[in-house]
Amino acid sequence: MSVPLEAYLALSALLFVLGTTGVLVRRNALVVFMSIELMLNAVNLTFVAFARQRLAIEGQLAVFFVVVVAAVEVVVGLAILIAIFRTRDTVDIDDVDLLRG
Amino acid sequence: MLSLIIFLPLVGGIIILFTSKTNETLLKGIALGASLASFVLSLFMTALFKIGGGFQFLELGNWIPSLGIHYHLGVDGLSLPLIVLTALLSLLSVAYSWRIELRLKEYLFLFLLLETGMLGVFAALDFFLFYIFWEITLVPMYFLIGIWGGPRKEYAAIKFFLYTLVGSLAMLLAILVMYFNAQPHTFNMLTLIEQQPLAAKPVLAALAFWGFFLSFAIKVPMWPFHTWLPDAHVEAPTAGSVILAGVLLKMGTYGFVRVSLPMLPEAFRIYAPAVAVLALLGIVYGALVAMAQTDLKKLVAYSSVNHMGYVMLGVASAAAAAGIPEKAVAAATALNGAVFEMVAHGVITGALFLIVGVLYDFRAHTRGVDEFGGLGARLPMYTGITMVAMLASLGLPGLMGFVAEFFIFVGSFGIFPYLTVVAVTGVIFTAAMFLWTIQRIFLGPFNERWAGLPDMDTREKISLVPLAVLMVIFGLYPRPLLDVINAAMTTLVAMVR
Amino acid sequence: MTPPAVDLRLLVPELVVTATAVAVMLAGLFLPAGRQHLLRWLAAVGTLAALGTTLTAGADPTPAFAGMYVRDALTRVIQATALLAVLLAQWLSGEYVERTGLEAGEYYALMLVAALGAMLMAASSDLIMLFLGLETLSIPLYVLAAFARTDLRSQEAGLKYFLLGAFGTAFFLYGIALLFGATGSTGYRALAEHARTPAVIFQAGLALLTIGLAFKAAVVPFHFWAPDVYEGAPLPATAYMSVIAKVGAFAAFLRVYVVALAAQAGEWSTLLAAISVLTMIVGNVAALRQTSIKRLLAYSSIAHAGFILTGVVAGTPSGASAVAFYLLAYTFMTLGAFAVVLMLHRRGEEADQIADLTGVAWRAPALGGAMALFMVSLAGLPPTAGFLAKFYVFTAALDAGQIGVVVTGVLTSVVSAYYYLRVAYTMFTGQPHEDVGFAGGRWVTAALVTASAGVVVLGIFPGRVISFVQQVGQAMR
């Protein structure tokens with residue numbers, strides 16, 4: 001029995017929404033960051049599912065790029081987080097509140 | 001030559017920017033030289049001008065070819081007097097500003113930039129260019145009021161700026177409506193007049209008309225868009241007031257005659273009665289409010305609202321008669337009067353603001369009408385010139401204002417008889433207002449507070465005497481000026497079918 | 001299957017930028033502390049070389065790399081703008097980074113890499129390429145925002161920018177994934193083909209893609225990060241990101257909406273028109289209340305994003321040319337305004353309050369005059385670049401029948417005149433603060449002079465530049 005395309009899409013949409021919710025609700029910068037990673041992986045799942053359905057290589061190719069870029073983002077993001085942690089001993093976004101409009 | 005007249009002041013201004021600010025005599029010399037050169041050239045152009053020769057001294061060049069924008073200049077009987085007037089008033093204002101001490105360099109630069117903008121508006125025949133020049137006048141005036149103005153300068157400056165900006169952006173939209181409906185798309189004002197691109201599209205024509213109306217009416221200013229004017233005038237430095245009343249207001253009426261009337265005659269004819277009623281309200285309201293003023297500068301400012309009402313009455317009458325052959329003569333007469341009034345008001349009100357300035361800036365430092373009294377005996381020269389200017393302003397026969405108002409009333413009586421009758425009664429209020437003012441300041445018991453007041457010095461005489469002489473000359477012998485105007489207005493009326 | 005042809009000659013401008021970035025970074029490591037200023041020369045020479053190669057590159061549409069990349073007139077114009085932006089931004093930074101001890105090879109390298117990202121976005125003809133360009137643009141900007149490592153405000157700006165940027169990227173990618181699912185390809189051509197009979201999934205993908213781009217361009221309702229980030233980041237970094245992010249994002253808007261989806265103008269222009277109207281209103285109204293010049297310019301950049309968007313809404317070739325022209329004008333006037341602020345300091349700190357500008361014009365008339373010029377231009381008054389840019393986009397939008405958008409644009413321009421003129425007015429009145437000093441230098445002066453010249457020339461003699469950007473439109477016909 002093969003899993004239909006719709007199931008993959010539904011799962012990835014669910015993951016994406018979970019990730020979005022995480023970004024909007026959680027206050028710890030690391031958790032927010034992980035939620036974003038979850039969103040990116042939801043995207044990857046969509047790509048792969050479509051690539052399988054359409055038999056088009058571009059989808060899988062896209063996943064490689066997304067993975068690489070996500071890795072780069074991790075590097076930059078963690079560097080910024082570490083810089084903040086060094087000076088304030090916290091990564092809670094609510095404590096990072098000097099700039100208010 | 002036209003370009004030279006327009007840009008000489010700007011060149012002077014740029015030279016001033018690169019001159020040391022400590023050398024004040026040189027700065028003033030450059031400013032005076034530039035505006036004098038511009039004025040002399042404009043006189044020279046007048047001498048070469050052929051009456052009835054349509055647009056002359058045309059200059060046409062590509063500016064932004066890819067957008068169809070040209071550098072297109074020219075003068076006719078409508079713009080020529082206004083250009084000369086602008087050059088003259090600017091020259092006199094620069095001369096008058098001799099005693100500005102605060103930030104002289106920047107002041108002179110802004111002033112000359114302003115002059116270039118004003119001259120450009122009257123000479124531009126490409127809509128894009130027209131708009132650019134129109135807007136160029138805004139920023140210098142904003143700073144002139146905002147930096148060198150009176151106590152409430154910031155408020156007055158921004159109010160002036162925002163009012164006018166709203167208007168000019170409405171104009172920009174109207175210009176674009178014209179542009180997109182012309183085939184092929186063009187900004188050329190002469191072509192647009194010829195093509196009448198909106199003749200068959202009444203809705204768009206109405207929109208364009210009201211777009212232009214908003215812009216011009218705010219500039220004129222017509223009632224009820226006049227509220228920026230008293231503020232701006234009261235706060236502006238004297239020379240700024242002179243230019244504001246003498247020239248900037250004319251840009252509005254000039255727009256009506258140059259743009260609204262020939263390009264959108266149908267729409268203007270439909271709405272002319274409404275415009276005429278607003279003009280009438282301006283006349284009556286201006287005169288009545290002016291009577292109630294104790295501040296001399298405010299008084300002159302409101303009298304401007306009143307006088308510009310006369311101009312607009314003339315223009316609206318002509319618009320209402322557009323295309324009706326049997327009323328062509330009346331229309332031309334009303335227009336002649338309106339244009340003549342533009343020049344007359346420029347000369348007279350320019351003089352009046354200088355007169356107020358002479359008293360306020362360097363002598364009494366107050367403008368309260370009631371605080372003076374009996375100055376007539378002490379300051380004979382000052383009193384004489386003030387009397388001439390005020391009497392000219394109220395329309396005494398033999399002086400410039402009378403000629404203008406006479407033509408306006410004669411012309412518009414044939415078209416809007418009832419409105420004209422009411423408007424004529426406005427003259428009575430105007431007369432009452434000025435006579436009462438003269439009485440309060442120059443007659444009556446002398447107020448000892450002003451015992452040490454000197455009469456006008458040479459520089460002030462140089463600024464004021466020419467204007468007074470002009471009022472008398474054109475009051476007694478208006479023929480040369482009228483001929484120039486009449487030729488253009490007759491063509492205009494004939495063209496509007 | 002034959003491997004796709006690789007024609008590196010097309011990539012010369014991008015390669016020069018990359019090489020410069022690498023060279024500057026390495027040189028930064030080896031130069032002794034006292035000679036770090038030589039990096040500026042190196043970066044400037046490399047950028048100018050890239051600019052030269054871009055301008056001399058052909059404008060005939062040349063696809064390459066299996067249809068991922070295209071070099072055409074749009075590529076050329078946007079790349080030139082991006083390079084100009086990075087050049088001016090380097091000059092602006094010169095004395096500031098020296099003063100604050102931030103000068104390092106990475107600083108200039110990051111700027112150059114961000115420019116490279118914008119250049120790639122302009123040259124993309126495939127969504128994956130667009131994504132890579134976008135990230136190449138964004139990631140260096142996150143770092144630049146946080147570049148003052150020990151400054152709490154800069155850290156915070158970097159974190160916010162990073163988290164929200166990555167959040168936006170996720171939407172953008174999900175949009176690409178759905179579009180891929182709907183069309184079976186990531187190329188723009190496939191988009192154009194499927195746009196005629198759009199499936200629900202296609203529409204959803206496009207909407208998500210738009211959200212992602214809206215995040216990057218700071219368009220309402222995805223603008224809220226911009227004021228905080230702009231305020232916290234080091235001044236020259238703020239200046240640069242406010243320009244380069246716009247250049248890249250609008251290049252993408254043009255590529256996706258005007259080039260790929262041109263046939264379906266009506267479908268999405270309503271959505272874009274609504275966004276544009278909202279952006280103009282929110283940006284301009286919010287700017288009224290600002291007291292910090294960085295926040296003011298942040299909201300002003302939001303407002304300008306709305307104005308630029310009107311050109312995209314038009315969806316016509318002349319709209320695309322107008323957007324290109326606007327980006328160029330925006331580069332000059334925004335960087336110019338930042339240059340003026342950079343030439344001042346308050347007790348060694350950034351003089352970033354509007355009140356700090358009080359009376360400064362009388363102590364430095366040229367500075368005051370320049371600021372007045374930039375403010376007049378940002379407000380869109382003639383005879384400056386800002387006016388012509390607005391005139392151009394509004395004309396294009398009006399021609400496309402977008403009357404409501406244009407009227408909103410015109411009305412909000414009046415609002416903007418109020419707050420821009422207030423800045424200029426502040427410089428010309430009152431007593432200057434004692435603790436505000438000047439921090440000029442030849443680099444920032446060079447940037448200021450170039451920007452002023454650009455604003456004036458684009459405003460008064462724009463003929464050549466307009467025919468340059470018009471190639472963008474002509475290429476689309």
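Me: In which helix of chain C is Gly306(C) found?

Reply: This is a predicted model. In it, Gly306(C) is found in helix 12 of chain C, residues 293–314.

Me: What makes Gly306(C) count as buried or exposed?

Reply: Count the C-beta neighbours. Gly306(C) has 27 of them inside 10 Å. The cut-off for buried is 20 or more. So Gly306(C) counts as buried.

Me: Which residues is Gly306(C) in contact with, leaving aside its neighbours within four places in sequence?

Reply: There are Ser276(C), Thr279(C), Met280(C) and Gly283(C). Contact here requires C-beta atoms within 7 Å. Take Val282(C) as well: it is 24 residues from Gly306(C) in sequence, and their C-alpha atoms are 9.4 Å apart in space.

Me: Why are helix 10 of chain C and helix 13 of chain C called roughly antiparallel?

Reply: Look at the angle. Helix 10 (residues 235–260) and helix 13 (residues 317–342) of chain C pack at about 175°. Angles over 145 degrees count as roughly antiparallel. Therefore helix 10 and helix 13 of chain C are roughly antiparallel to each other. Their axes are 9 Å apart.

Me: Which residues make the contact between helix 10 and helix 13 of chain C?

Reply: Helix 10 of chain C brings residues including Leu235(C), Val243(C), Phe250(C) and Val258(C). From helix 13 of chain C come, among them, Ala320(C), Leu327(C), Tyr330(C) and Phe338(C). By class, this contact has 16 nonpolar, 4 polar and 1 charged residues.

Me: How do you know that Phe57(B) is partly exposed?

Reply: Phe57(B) has 17 other C-beta atoms within 10 Å. Buried needs 20 or more, and exposed needs 12 or fewer. The value 17 falls in between, so Phe57(B) is partly exposed. Phe57(B) is found in strand 1 of chain B. Its phi is positive, about 55°, although Phe57(B) is not a glycine.

Me: What makes Gln196(B) partly exposed?

Reply: Gln196(B) has 18 other C-beta atoms within 10 Å. That count also lies between the cut-offs of 12 and 20, so Gln196(B) is partly exposed. Gln196(B) lies in the loop between helix 8 (189–195) and helix 9 of chain B. Gln196(B) has a positive phi of about 50°, and it is not a glycine.

Me: Which residues of chain B does a cis peptide bond join?

Reply: The bond joins Trp223(B) and Pro224(B), with omega about 5°. Pro224(B) is found in the loop between helix 9 (202–219) and helix 10 (228–235) of chain B.

Me: What is omega near for the cis peptide bond from Val220(C) to Pro221(C)?

Reply: Omega is near 5° for that bond. Pro221(C) lies in the loop between helix 8 (200–217) and helix 9 of chain C.

Me: How many residues does each chain give to the contact of chain C with chain A?

Reply: Chain C gives 36 residues and chain A gives 33. On the side of chain C, helix 5 (127–145), helix 6 (152–183) and helix 9 (225–232) each give two or more. Helix 6 of chain C gives the most, with 18 residues. The classes on this side are 21 nonpolar, 8 polar and 7 charged.

Me: What does the contact of chain B with chain C take from each chain?

Reply: It takes 24 residues from chain B and 21 from chain C. Helix 7 of chain B gives the most to the side of chain B, with 10 residues. That side divides into 20 nonpolar, 2 polar and 2 charged residues.

Me: What is the pattern of chain A along the sequence?

Reply: Chain A reads α-α-α. Its secondary structure comes to 3 helices and 0 strands. Of its 101 residues, 33% count as buried.

Me: Which residues of chain A does the UniProt annotation "transmembrane region" cover?

Reply: The unreviewed UniProt entry gives residues 7–25, 31–50 and 62–85 of chain A. In the model, residues 7–25 of chain A are 100% helix, with end C-alpha atoms 26 Å apart. Residues 62–85 of chain A are also 100% helix, and their end C-alpha atoms lie 34 Å apart.

Me: How high is the mean pLDDT of chain B?

Reply: The mean is 85, and 100% of the residues of chain B reach 70 or more.

Methods: Residues are numbered from 1 along each chain as its sequence is written. Chains are lettered from A and ligands numbered from 1 in the order in which they are written. This is a predicted model: local features need pLDDT of at least 70, side-chain atom pairs count only at pLDDT 80 or more; totals for chains, interfaces and linings use all residues. pLDDT is the predictor's confidence in each residue, from 0 to 100. Two residues are in contact if their C-beta atoms, placed from the backbone, lie within 7 Å. Helices (H or I, at least four residues) and strands (E, at least two) are DSSP runs, numbered from the N terminus. Ala, Val, Leu, Ile, Met, Phe, Trp, Tyr, Cys and Pro count as nonpolar, Asp, Glu, Lys and Arg as charged, and the others, Gly among them, as polar. UniProt positions are given in the numbering used here, feature names are shortened, and annotations may be inferred rather than shown by experiment. Axes are lines fitted to C-alpha atoms, for helices over the stretch in contact, and angles run from 0 to 180 degrees between N-to-C directions. Angles under 35 degrees count as roughly parallel, over 145 as roughly antiparallel, 65 to 115 as roughly perpendicular and the rest as oblique.
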